[in-house]
Amino acid sequence: MKLYTSPGSCSSASHIALLEAGADFELVKLNLKTDRILPDGRHLNDINPKGYVPVLELDDGELLTENVAILQYIADRYPDSELAPPNGTIERTRLHEWLGFINSEIHKGFSNFFNPNLPEEMRRFVTQRLNGRFAYVDSQLKDRDYLLGDKFTVADAYLFIVCSWSPMFDFDLSPYKNVINWQSRISERDTVKEVKATKPPG
Ligand SMILES: N[C@@H](CCC(=O)N[C@@H](CS)C(=O)NCC(=O)O)C(=O)O
């Protein structure tokens, strides 16, 4: 398997998942901030016409995109790692619920801040919305160590990476004490340390 990633971006969540799973994989790094050219000379668009990471290439050449799909693929391919509850259970539906929320409400909320020309009014609106979303996350983490309960799952990997962008956007997470404690818990994982130390090329 090959994970095409721009370290620091949302694709780093799949990097964490692959390490947690003990998967045999190759990391193919590109830099979203520069030319988006892969080490073999192809452009990111050649492997994902949607023009973004993550992309997971399977051993038979099949290309998977979308965080929500890739994270669950990794979890399902390595069930012993218990990165997702078994398919068909209510707990698995809870994982879907979290992944959908992180993807559409938090990740894509933060994505607005990547726009250097974001109007101030829009910035205020997005910030207010995100604060509402984090208030919810904080309430859920009140009496549990991880988003789904007592086990780390791919949802934690995904939310952790997205939260790591907050200083870059001056988004203050400090009012959310349970989120801060959860962040420090996740930061202590060896896999997370390894991913955080992985730098983009160029
Ligand atoms: N819907 C996609 C969005 C992925 C996404 O936003 N990737 C960002 C990095 S965090 C990216 O590659 N952006 C480059 C671009 O959109 O041009 C998913 O959830 O996988």
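A residue counts as exposed when its relative accessible area is over 50%, and as buried when that area is under 20%. Keep those cut-offs in mind on this tour of a predicted model.

**Stop 1: Asp170**

Select Asp170. Its relative accessibility is 72%, so Asp170 counts as exposed. Look at where it sits: the loop between H6 and helix H7 (177-187). Now check the backbone. Phi of Asp170 is near 55°, a positive value in a residue other than glycine.

**Stop 2: Glu66**

Go to Glu66 next. Here too phi is positive in a residue other than glycine, with a value near 80°. Glu66 belongs to the loop between strand S4 (63-65) and helix H3 (67-77). Is Glu66 buried, exposed or partly exposed? Glu66 has 30% relative accessibility, so it counts as partly exposed.

**Stop 3: the Val53 to Pro54 bond**

Select Val53 and Pro54 together. The peptide bond from Val53 to Pro54 is cis. Its omega is near 5°. Pro54 is placed in the loop between helix H2 (44-47) and strand S3 (55-57).

**Stop 4: Ile47**

Step back to Ile47, which lies in helix H2. Relative accessibility is 4% here, so Ile47 counts as buried. What surrounds Ile47, once neighbours within four places in sequence are left aside? Display Tyr4, Leu38, Arg42, Val55 and Leu63: Ile47 is in contact with each of these. Then draw a distance from Ile47 to Thr65. Their C-alpha atoms are separated by 9.5 Å, and the two residues are 18 apart along the chain.

**Stop 5: the two domains**

Zoom out and colour by domain. The domain assignment of the chain gives domain 1 as 2-82 + 191-196. Domain 2 covers 90-189. Taken over C-alpha atoms, the domain centres are separated by 20 Å.

Now show the residues where the domains meet. Domain 1 has 19 residues in contact with 18 residues of domain 2. The size of an interface is often given as the accessible area lost when the parts come together. Between domain 1 and domain 2, the buried area is about 1,600 Å². Carbon and sulfur atoms give 64% of that area.

**Stop 6: helices H4 and H5**

Select residues 90-111 for helix H4 and 120-140 for helix H5. The axes of H4 and H5 come within 9 Å. They cross at roughly 145°, and the crossing is left-handed.

- From H4, show Trp98, Phe101, Glu105, Ile106, Gly109 and Phe110.
- From H5, show Val126, Leu130, Arg133, Phe134, Tyr136, Val137 and Gln140.

Colour this set by class. The contact of H4 with H5 has 9 nonpolar, 2 polar and 2 charged residues.

**Stop 7: Thr153**

Finish at Thr153. Find it in the loop between helix H5 and helix H6 (154-163). Now display Leu83, Leu95 and Leu148. Thr153 touches these three leucines, not counting residues up to four places away in sequence.

Methods. Residues are numbered from 1 along each chain as its sequence is written. This is a predicted model: local features need pLDDT of at least 70, side-chain atom pairs count only at pLDDT 80 or more; totals for chains, interfaces and linings use all residues. Side-chain values use heavy atoms; hydrogens and water are left out. Helices (H or I, at least four residues) and strands (E, at least two) are DSSP runs, numbered from the N terminus. Contact means heavy atoms within 4.5 Å. Buried means under 20% relative accessible area, exposed over 50%, partly exposed in between (1.4 Å probe, protein chains only). Axes are lines fitted to C-alpha atoms, for helices over the stretch in contact, and angles run from 0 to 180 degrees between N-to-C directions. A crossing is left-handed if the near helix is turned anticlockwise from the far one by less than a right angle, and right-handed if clockwise. Ala, Val, Leu, Ile, Met, Phe, Trp, Tyr, Cys and Pro count as nonpolar, Asp, Glu, Lys and Arg as charged, and the others, Gly among them, as polar. Domain bounds come from an automatic or database domain assignment. Buried area is the accessible area (1.4 Å probe) that two parts lose on being put together, summed over both.
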